[in-house]
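Q: I have a chain open here and would like to talk it through with you. Could we take it one region at a time?

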Amino acid sequence: MKKRALISVFDKDGILEFAKFLLSKDIEILSTGGTYRYLKENKIPVIEVSEVTKFPEMLDGRVKTLHPSIHGGILAIRDNQAHMAKISEHGITPIDFVIVNLYPFFQKVKENLSFEEKVEFIDIGGPTMLRAAAKNFQDVVVVCDKNDYVEIQKAMTEGTISIDLKRKLAGKVFNLMSAYDGAISQFMLNDEYPEYFATSLKRKQALRYGENPHQSACFYASTMIDGAMNTFEVLNGKELSFNNLKDVDIAWKAVSDFEEPACCALKHNTPCGFAIGKDAMDAYSKTYAVDPTSIFGGIVSFNRKVTKNVAEEMVKIFLEVVAAPEFDQDALDILKTKKNLRVIKFNNKPQCKCNVVSVDGGLLVQSEDKQFINEIKVVTRRQPTEQQMKDMLFAMRVVKFVKSNAIVVANNGVAVGIGGGQVNRIWPTIDALKRGKGATVLASDAFFPFRDVVDEAAKCDIKAIIQPGGSLKDQESIDAANEHGISMIITGTRHFKH
């Protein structure tokens, strides 16, 4: 009895060559719908599935292969005499190859289509055949990825398809289906935290190593959204590392939080310099001046076009990555003189609605920190000036991206001192104030458990403080501010970043 292959593919790239190869091995081909017509038009001898099922396609093509004559042929275990007797009794011929790729739900869910139109790209028959063939992998070669055509041809040319390869191909099916079903689940459910956390990610690139050279790493990209980190373009430089990607993500989120031209210098996942300015050059000059030491070997991100004059300044020092939404050609030419400097063009603003962190045995999932402040409540006798208010709001936006405990001191749209990543609040306060010469305002990501931060700020001539409040000893800090003639705002919104 001839072997049979069932081919039903949305993406027809490479299928003609593969079908011709199967025919050369005396394997007959069954097919459906558009694939049947495509093969027929290209002179490939093919049997329409309806000839096997004795039942026409119906419901606008929704029902084609959902039939015992198909699934009996796929699922019958060849070494099981009862199985083989039963399909023989019903005139069912075994199917030995199932070559199926799915409706492009991953692509269509991101397009500007109606809900009903997107639903029509949820494949039913394809996943059912793939699952059936993958379950019976010892007898059926299942192919869900066109990139596997060559490997299968090579194995068949050299002899036979090994059980290990069959199992690998079956595993790829269930791997794909988990992502496909995960995407559909996310699309259909309007639930921030569903019973099961189903996500859909596709491997984008292997990384040279993880946080350290002895750790392996890979970058997986969402199939559901065109976010910032899965749509950027690398315009120059060597391969991005795990640490580069983590840092660029934060640097881009930080500048994207501002309407004004903004520049962020970032090192080890926390800002070491931050400023807004009248343009990219102004913002960069101010950012660089904050900490010329720490910016060395760091990441620099902009929310405006990088121009020639900015590029000329940046190439004077060693940077790992420069990221922006646009680059002048002259600027790009200058940056490319540093062959290892990664230059990234971002095509999208940050899109993710949730943040995921792995822990041993599970995932922690939370909504992104989108709320800025709950209220602006002046709690001291002294009122802040208009400029102090602008600087406090600026400093609080920067605080969102600094590791807790986070303190930022600022003046005229420049984060002149940044302290964070400490186990108490007074140490980062001292660090930020020590570096932040000329600072007039101070922002804290969380409340003050003691008045010591206010007292320390007063020593350095801080005029205004913004903090979320919520401590049992809030009044002590308010009293201290009043004693020192400092204005204080309480926002009601904390911005921890662990």
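Q: Let me start with a helix pair: which residues in H8 meet which residues in H10?
A: This is a predicted model, and in it Pro127, Leu130, Arg131, Ala134 and Lys135 of H8 are in contact with Ala170, Val173, Phe174, Met177, Tyr180 and Asp181 of H10. By residue class, that contact divides into 8 nonpolar and 3 charged residues, with no polar ones.

Q: And at what angle do the axes of H8 and H10 cross?
A: The axis of H8, which covers residues 125-135, and the axis of H10, which covers residues 163-188, cross at roughly 145° and come within 9 Å of each other.

Q: Is that crossing of H8 and H10 left-handed or right-handed?
A: The crossing in which H8 passes H10 is left-handed.

Q: How many cavities of 30 Å³ or more does the structure hold?
A: The structure holds 1 cavity that reaches that size, and the space in the largest cavity comes to about 30 Å³.

Q: Which residues line the largest cavity?
A: The largest cavity is lined by Ser31, Thr32, Glu48, Val49, Ser50, Phe55, Glu57 and Lys64, a set that divides into 2 nonpolar, 3 polar and 3 charged residues.

Q: Now the backbone: where is the cis peptide bond?
A: The cis peptide bond joins Ser404 and Asn405, with omega at about -10°, and Asn405 is in the loop between helix H15 (386-399) and strand E17 (407-411).

Q: Which residue has a positive phi although it is not a glycine?
A: That is Lys43, whose phi is about 65°; Lys43 is in the loop that runs between helix H2 (33-41) and strand E3 (47-48).

Q: Last topic, the chain as a whole: what radius of gyration does it have?
A: The chain has a radius of gyration of 30 Å, whereas a compact globule of 498 residues would have one near 23 Å. Its C-alpha trace spans about 95 × 50 × 45 Å along the principal axes, and the chain contains 18 helices and 21 strands.

How values were computed: Residues are numbered from 1 along each chain as its sequence is written. This is a predicted model: local features need pLDDT of at least 70, side-chain atom pairs count only at pLDDT 80 or more; totals for chains, interfaces and linings use all residues. Side-chain values use heavy atoms; hydrogens and water are left out. Axes are lines fitted to C-alpha atoms, for helices over the stretch in contact, and angles run from 0 to 180 degrees between N-to-C directions. Helices (H or I, at least four residues) and strands (E, at least two) are DSSP runs, numbered from the N terminus. A crossing is left-handed if the near helix is turned anticlockwise from the far one by less than a right angle, and right-handed if clockwise. Contact means heavy atoms within 4.5 Å. Ala, Val, Leu, Ile, Met, Phe, Trp, Tyr, Cys and Pro count as nonpolar, Asp, Glu, Lys and Arg as charged, and the others, Gly among them, as polar. The radius of gyration is taken over C-alpha atoms; the globule rule is 2.2 Å times the number of residues to the power 0.38. On a 1 Å grid over the protein atoms alone, a cavity is a set of points where a 1.4 Å probe fits but cannot get out, and a pocket is an open set with protein on both sides within 12 Å along at least five of seven lines; lining residues have an atom within 4 Å of a point. Grid points are joined across faces, edges and corners, and a volume is the space filled by probe spheres set on the points.
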